[in-house]
Amino acid sequence: MQPGDFIFRERQPFRGEPLSEADLPRAWDCLVQVMDPEVPVVSVVDLGMIRAVEWSDDSLHVKVSPTYSGCPATEVIERDVREALEDIGFQNPRIERVLAPAWTTDWITDNGRDALKAYGIAPPPKGQGRDTLHDPGPAECPHCGGTDTVQVSEFGSTACKALYKCRECLEPFDYFKCL
Ligand SMILES: [Zn+2]
């Protein structure tokens, strides 16, 4: 199975008046509903991937920062963003990949961290991006809140996550790696 296979959205062709610059806030409203295909409870906005939404040359431009470099979900996300915007009436939205500055887990919003935790994934600690990539330290168990946790594998359900186990409630969980 490829990333994106498990997301199926029936698209309705847009039949109204095309949206314009005055409708920019609607683009944000739309993007908060585009979920990360690998973590379908967190939107691309809450992940901090949407760097800018602008209007120029008579079209909508959306700047997207990929999360983990080489993450195969990136192309799926860019497609989902473009389709979601087309579906509400933005014609030919331009999706621009922004590589610098590189995305960091510090850009995940508080809302996004709460959603990760509720989904059973330990969110990365805030303000510790990049430096902690190789030594994430103790992760807080999203099930019981315990901190007596141990890394079982460097890779969890996807390459972006590490697999941990809680020694307090004995449950395994994914830990979103810091960048
Ligand atoms: Zn626990």
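The legends below describe close-up views of a predicted model. Local features are given where pLDDT is at least 70 and side-chain atom pairs where it is 80 or more, whereas totals for chains, interfaces and linings use all residues. Residues are numbered from 1 along each chain as its sequence is written, and side-chain values rest on heavy atoms, with hydrogens and water left out.

View 1. The zinc ion has as protein donors the SG atoms of Cys-141, Cys-144, Cys-166 and Cys-169, which lie 2.3 Å from it; donors are N, O and S atoms within 2.8 Å of the metal (3.2 Å for Na, K and Ca), and since water is not among the atoms, sites may look incomplete. Along the chain these donors follow the spacing C-x2-C-x21-C-x2-C. The arrangement is tetrahedral because the four donor atoms subtend angles of 105 to 116° around the zinc ion, the requirement for four donors being that all angles lie between 85 and 135 degrees. Cys-141 is buried at 1% relative accessibility, whereas Cys-144, with a relative accessible area of 41%, is partly exposed (buried is under 20%, exposed over 50%, partly exposed in between, with a 1.4 Å probe and protein chains only).

**View 2. An open sheet of four strands.** The strands are arranged in the order S6-S9-S8-S7 with mixed pairing, where strands are DSSP runs (E, at least two residues) and helices are runs of H or I of at least four, numbered from the N terminus, and two strands pair if DSSP finds at least two bridges between them. Strand S6 (121-122) and strand S7 (149-153) are the edge strands, each pairing on one side only. S7 pairs with strand S8 (residues 161-166) in the antiparallel sense over four bridges, and Gln-151 stands opposite Tyr-164 in S8.

**View 3. The largest nonpolar core.** This core has 32 residues, and Leu-31, Leu-60, Val-62, Leu-85 and Phe-176 have the most contacts inside it; a nonpolar core is a set of buried Ala, Val, Leu, Ile, Met, Phe, Trp, Tyr and Cys residues joined through side-chain atoms within 4.5 Å. Among the elements that give two or more residues to the core are helix H1 (24-31), strand S4 (59-64) and helix H2 (73-88), and H2 gives the most, with five residues.

**View 4. Ser-59 in strand S4.** Ser-59 lies in strand S4 and is buried, with a relative accessible area of 4%. Not counting residues up to four places away in sequence, Ser-59 touches Glu-54, Gln-91, Asn-92 and Arg-94, contact meaning heavy atoms within 4.5 Å.

Key: Four donors count as tetrahedral if all angles lie between 85 and 135 degrees; four count as square planar and six as octahedral if opposite donors are over 155 degrees apart and all others between 65 and 115; anything else is irregular.
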